[in-house]
Amino acid sequence: MNNTTVSALRYLRDKNYKKAIEAYESLLEKDSTSINNYFYLGIAYLLDGDYDSCHSTWMSILLEGEDFEVKLDKLLEILDEQGKLLLKTGSLESVGILYQSLEDLLSNKNEYTLQDGEYYYNIALTHYFKGEILKAEQCFQKAIDIAEIKEAYNYLGKMYFDAGIIQQAIKIYKQQIDKYPNSIGGYVNLMAAFHKSGDLDNAINTATIAEQNCPQDRLLWQIRSKLILPLLYESVKEIEDYRLRFKEGLKDIAKQVESLDLDNPDIRAKALATIRNNVNFELAYQRFNHKEYQQQYGQLIYKIVSANYPHWVKPKVAKKKSLSEKIKVGFVSNSMCKHVVSRLALGNFLALNRELFIIYTYYIGSSYDEVTEQYERNSHFFYHIDGLEAVSKQIIQDDLDILVFLEIGMSSNMAIMGSMRLAPVQCNTWCHPETSGLVNMDYFLSSDLMEPENAQEHYSEKLIRLPNLGICYPKPSLPKISRTREFFSIPKDKVIYFCGQSIFKYLPQHDYLLATIAQRVPNSKFVFLARPNPELALKFKQRLARAFQELDLDLEKYSIFIPMLTKEDFICLEMVSDVFLDSLGWSGGNTTLEAIACNLPVVTCPGEFMRGRHSYAILKMLGVTETIANSEDEYIDVAVRLGLDQTWREEIKDKIQTNHHNLYGDLECVRGLEKFFLDVCTSNS
């Protein structure tokens, strides 16, 4: 490869397309027989926006002579190669242009090869990353039909899974296992799909089959089956039974990990892969103090992580900073995108004083959207890194003073990183409102208004009670296009109680609250969202119907279940409702903050733990405490009065609107966060 060719390729890589065009034209003037250079010249034209020149350049070669298929295969190979190179630089728009051309050219083939299946897989990935879901679905299916690509099954199933089309996801994962009976990912995904549908028997049975077919991963299947918890409980007894099952399972898993020869590189790597396939997210939905269980599981993670990365768990001595030195603060998250975690955390991040802090952000999630862009634009250093080791190395290299994990408990990679010692000071936040239980997590950044007096008893970390809500939440923008009740098929003449949480937040011991309210407000309708999926919504509906039947009421008369909504339509639904009924045990956070923006009265009853006190704190800060109940009986009374007394309901709505300024854009908590950062870095604490 001569210097001119190298330069031409470098121009392409550096996105200097005009220079690339000049370089390839120069090469072709010297040697007009190089088919590859014509193809690269066409790519340069394409990425520079000159589609006509691109098309004519390629066609002049493809249609010359009789070896069309051979030359087409070479062009497809070059396009794929350049697409993969561009993808590494994060230039998704350019990648999309290349792969769209690749997809168009593939349609000219009479017969597909296995390599074409690989191309369709890469095309599908590009559509997936760009959020073009229907196109991605079609191309993943083609990759399966042509070449039965294992990873295509994973992505296609995940798309259905994320969209709540669970039965279709189950079908795809079963096909994957039929084709690849030793596919660990296939079994893990099939278990997750059965779990999300509420079918725990089949989920556990899948683990049993997986253990038979993949016995080398026995620990994984044991963890997946012994620590599984329902998303939705049928009864209080079922909660107690599964809690006991989890407790015994945790003991058994700890013994198995203790018996592992973690000095063996293969065994410790397998153990690490195992814990990367598990997260105890559902534990937080039970109304208990989980500190002990979380610490036990945290010790288990630490043992495996320290065996794999002994140099990354060693203590780091904090460098005492002078008051004139800027503090290096890092934020790491799996959710720096359109996600509830980012909606809760972004305000604090944006408002931090850049004169005091150097801001580093580490995003380990896959999708990139306008929220991600905000994090990138407002960071001194931003990294979008895929890979546990890669991001950990980068964090250590950056030599931070403080590292803030925006959420732990929703992603296994976040828990593994939180078990390491990547910075002298490491903090968890209430964006996932549960203690991490991790050895190397120092502080839990919470809300003073949300926490009860004995709150430290609930955390393995040292609790930091930031002022007010602990977050600076901007006032949500209301949709420009309004929706009427008719749009949602909601009767105009009913009192609408909005129950907008995911249905697994509603515990069986509280079903009677809704039935009792319905009995006392005959003109009421309870609106639920069928999320996370229709199968689970049906199970919830059947459970709730029993509570209504005990009062001789027909749930069908009093309820409406609405499919998944866009963000805008969700807020519109709040705007046409009359009363927001908070879930007890795990309260509304982001949902309540949005409901307040719609001036929707919120009925809540604070729980024992912080996760059950979000709405309570929000209303306290707002200065509208009339709808805070002190007991379940009072919760019913407040909800009933709001339903029957329209005058009082309007008074509450007016007061909410008048007091918006108390709640949104609070900077006192940011100043409290800054003080904590300064104190912890400028003292010996």
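This is a predicted model: local features need pLDDT of at least 70, side-chain atom pairs count only at pLDDT 80 or more; totals for chains, interfaces and linings use all residues.
Visitor: Why are helix 6 and helix 7 called oblique to each other?
Guide: The axes of helix 6 (residues 92–106) and helix 7 (residues 114–129) cross at roughly 140° and come within 9 Å. Angles over 145 degrees count as roughly antiparallel and those of 65 to 115 as roughly perpendicular; the pair is therefore oblique. The crossing is left-handed.

Visitor: Which residues make the contact of helix 6 with helix 7?
Guide: Among them are Leu92, Val95 and Tyr99 of helix 6, and Asp116, Tyr119 and Ile123 of helix 7. By class, the contact has nine nonpolar, five polar and two charged residues.

Visitor: What makes Asp116 and Lys109 a salt bridge?
Guide: Their closest N and O atoms are 2.9 Å apart, and the cut-off is 4 Å. Asp116 and Lys109 also belong to a network of salt bridges with Asp73.

Visitor: How do you know whether Asp116 is buried or exposed?
Guide: Buried means under 20% relative accessible area. Asp116 has 1%, so Asp116 counts as buried; Lys109, at 9%, counts as buried too.

Visitor: Why is Lys338 called exposed, and what is Glu370 called?
Guide: Exposed requires over 50%. Lys338 has 54% and therefore counts as exposed, whereas Glu370, at 45%, counts as partly exposed. Their side chains meet in a salt bridge of 2.9 Å, N to O. Lys338 lies in the loop between strand 1 and helix 17, and Glu370 in helix 18, so the pair ties together parts 32 residues apart in sequence.

Conventions
Residues are numbered from 1 along each chain as its sequence is written. Side-chain values use heavy atoms; hydrogens and water are left out. Axes are lines fitted to C-alpha atoms, for helices over the stretch in contact, and angles run from 0 to 180 degrees between N-to-C directions. Helices (H or I, at least four residues) and strands (E, at least two) are DSSP runs, numbered from the N terminus. Angles under 35 degrees count as roughly parallel, over 145 as roughly antiparallel, 65 to 115 as roughly perpendicular and the rest as oblique. A crossing is left-handed if the near helix is turned anticlockwise from the far one by less than a right angle, and right-handed if clockwise. Contact means heavy atoms within 4.5 Å. Ala, Val, Leu, Ile, Met, Phe, Trp, Tyr, Cys and Pro count as nonpolar, Asp, Glu, Lys and Arg as charged, and the others, Gly among them, as polar. Buried means under 20% relative accessible area, exposed over 50%, partly exposed in between (1.4 Å probe, protein chains only).
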